[in-house]
Every structure is written in structure tokens, then in C-alpha cells.
Amino acid sequence: MATTMITTLDRSSRSAARGMSDLTIRNLFIIPTIVFLIVFNIFPLIYSLGYSFTDFRASSPAAANFVGLQNYRELLNDSFIWSNFAITAKYVIVSVVGQVIVGFGVALLLNRDIPLKGLLTTLLLLPMMLSMAVVGLFWKLLYDPSFGIINYTLGLGSFEWLSNPDMALYAVAITDIWMWSPFVMLLSLAGLSAVPKHLYEAAAIDRAGSFYTFFRITLPLVAPILMIAIIFRTMEAFKTFDLAYILTSQPTTEVISIRLYKMAFQEWQTGRSCALAYIVLIMILAITNIYVKYLNKVKER
């Protein structure tokens, strides 16, 4: 019965009149999508991989010369590139840890019966729906030492957030935390709502404290979803460009994506920039693979 429904058409339909089977109709929808993905995703990856082994410059009419692994060797031996990676790693750690703490903390507060819970949750999700450029310009005004509301609220006077080399990276991370903590909160709420209520009831009967309940029931059961949030946010934080580029131009905030942009579109080192892009890609894949292995171990517990 099911097979007949899937493989046959209504004889009175237009598709049947044209002699098209269900398989043909399915292919008409799937094949354009596959072609689109190949043209706009896979082909540029392969094309840029080829350029990474050349000395090609987009600003020069000269033909690209094959240089093998020279671009990769020079990049991996460049101390400035490793400095950019160190800045990126620091940014990722501060940003992701902050998002997990804030997002999970807010989710714990919302995981109870409170007035206007739906409206409050919706309002808290608004930051992640905004454009990166809008968020960057908005927070640039908030950080302004002359009329920014942050200095006024904290009583910091004319403290320089974005011009201070020691604070600029943290200022960008705070902005990222504000924007993407709702993402962690949303996933955490889904995990908290799936925790069986009878476990809390059993813990209450055994007179278990809130500390014991959190670390023995709540956190272990929410950990897999929390790990998924960490994986996504780590990948995105590692690729951060918009916020850091819009908010400040300090050398201490030059994350690897900004270094890649400058190399490709200001210095026109197209071949080297392609090689750097693949180094970044390999690092992201390696970090993600570590997270996924740890996630599988958490699920097995």
C-alpha cells in the first residue's frame, strides 16, 4: 500500500498527463539544489585549494606559478600568524565560556513558572536576530568614552574600551556574549525541559540539596545539548570577523579572520590567503572533532 502511494501518481493530475513519475518529480526538486551546492560551495573550495599551491595575485595579470607547499611552510613559520591565532584562541575562550555561563544561567532562571515567561523569552532572543553590523555599530556607541551609557552606568568616567589595547578584545567578546548567549539559552531550555520531573521528585524525597541535584541530575542530563551549543559557538567564534572589524582596529584584536581579509583584499596575496584559509579550516575541523568525541563520551554516560 505504502509502495503504491509513493511510486504512482493520480491519473487525473497534470504530472500524470505529462507522463512524469514520482521519481522524476523528486529529481526536479533535488537536482537543482545539488547543482547549486556544487557551484556555490564545493567548486570554490576546490578552486581555492588549487590557488593555495600557487603564488597567484588577483591584482596582477601575471599567470599563477605552482609553488607547492611553500605558502603553507611560510605561514606556519610566520610568528605574526601565530600571534593572530593566539589572539583568536583567547577571544574564543572568553566568548564561548561567557556565552555558556550567561546562557545556561538565564535558562535555569526561565525553567520555572514565572509571569510572562513566553514574552520574556522572546525578548531575550532578539539580540541573536540582529545583523552583526548593526550590533557592532550599536555597541560602538555604548562603549563611547564621551556619551556611552556603559561608562555612565558603571561610573568609569571617560574610560577607553575600544582604544585600550588591553581591553579592546574583551570589549568585542562582551558584545559577542550579549549577542549569542540567547542561542545557548534556547538550547539549554530545550534540554532542561526534557529532564524527567520524577528525578527531581525522588531527589526531594531523599532530601537532596540543590547543589547535589544540579550536579547529579540537571547538569549530566543537559550536558549533551550544552556540548552541541559549545561546538556551534566555538566554530562561529573562531571565524569572527564582523564584530572585531567594526568595533576596533587595535592590533590586539586582529583575529585570524581579519588577518586573512587583509592578506587577501589589501595585500592581494591571493595564493597565501587561500593557504591560510585552509589552515584555519583544518584547525576548526580538528577542534570540532575533539568536541564531537567528547560529546559521544558524554552521551555514553
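1. G157 touches P145 and N151, once its neighbours within four places in sequence are set aside. The model is a predicted one. G157 sits in the loop between α8 (149–154) and α9. Its relative accessibility is 48%, so G157 counts as partly exposed. Exposed would need over 50%. Across the chain, G157 and I34 are 123 residues apart, and their C-alpha atoms are separated by 56 Å.

2. Next, W178. This residue belongs to helix α9. W178 is partly exposed, because its relative accessibility is 32%. Neighbours within four places in sequence aside, W178 is in contact with P127, L130, V135 and W139. Y47 lies 131 residues from W178 along the chain. The C-alpha atoms of W178 and Y47 are separated by 37 Å.

3. How do the axes of α9 and α11 cross, and within what distance do they come? The axes of α9 (residues 168–193) and α11 (residues 210–238) come within 9 Å. They cross at roughly 140 degrees. The crossing of α9 past α11 is right-handed. From α9, the contact uses D176, W180, F183, V184, L187, S188, A190, G191 and L192. From α11, it uses T218, V222, I225, L226, A229, F232 and R233. By class, the residues of this contact are 11 nonpolar, 3 polar and 2 charged.

4. Two packed helices are described by the angle between their axes and the distance between the axes. For α5 (residues 79–110) and α13, the angle is about 140 degrees and the axes are 8 Å apart. The two helices are therefore oblique to each other. Roughly antiparallel would take an angle over 145 degrees. I81, N84, F85 and T88 make the contact on the α5 side. I256, R259 and M263 make it on the α13 side. The residues of the contact of α5 with α13 divide into 4 nonpolar, 2 polar and 1 charged.

5. Is E254 buried or exposed? E254 counts as buried, because its relative accessibility is 14%. The cut-off for buried is under 20%. Not counting residues up to four places away in sequence, E254 touches N84, I87, R259 and K262. Which side chain makes a polar contact with the side chain of E254? The partner is K262, at 2.9 Å. E254 and F80 are 174 residues apart in sequence, with a C-alpha to C-alpha distance of 10 Å.

6. T240 is another loop residue, placed between α11 and α12. T240 counts as buried because its relative accessibility is 7%. Leaving aside neighbours within four places in sequence, T240 is in contact with Y91, V255 and S257.

7. Now the backbone at R207. Most residues other than glycine have a negative phi. R207 has a positive phi, near 60 degrees, and is not a glycine. Its place is the loop between α10 (197–205) and α11. R207 is at 78% relative accessibility, so it counts as exposed.

8. W268 also has a positive phi without being a glycine, at about 55 degrees. W268 is found in the loop between α13 and α14. How accessible is W268, and what does it count as? At 34% relative accessibility, W268 is partly exposed.

9. Last, T270, in helix α14 (residues 270–300). T270 has a relative accessible area of 13%, so it is buried. Which residues is T270 in contact with, neighbours within four places in sequence aside? They are F56, R57 and A58.

Definitions and conventions:
Residues are numbered from 1 along each chain as its sequence is written. This is a predicted model: local features need pLDDT of at least 70, side-chain atom pairs count only at pLDDT 80 or more; totals for chains, interfaces and linings use all residues. Side-chain values use heavy atoms; hydrogens and water are left out. Buried means under 20% relative accessible area, exposed over 50%, partly exposed in between (1.4 Å probe, protein chains only). Contact means heavy atoms within 4.5 Å. A polar contact is a pair of N or O atoms within 3.5 Å; within protein, one must be able to donate a hydrogen and the other to accept it, and residues adjacent in sequence count only if both atoms are side-chain atoms. Axes are lines fitted to C-alpha atoms, for helices over the stretch in contact, and angles run from 0 to 180 degrees between N-to-C directions. Helices (H or I, at least four residues) and strands (E, at least two) are DSSP runs, numbered from the N terminus. A crossing is left-handed if the near helix is turned anticlockwise from the far one by less than a right angle, and right-handed if clockwise. Ala, Val, Leu, Ile, Met, Phe, Trp, Tyr, Cys and Pro count as nonpolar, Asp, Glu, Lys and Arg as charged, and the others, Gly among them, as polar. Angles under 35 degrees count as roughly parallel, over 145 as roughly antiparallel, 65 to 115 as roughly perpendicular and the rest as oblique.
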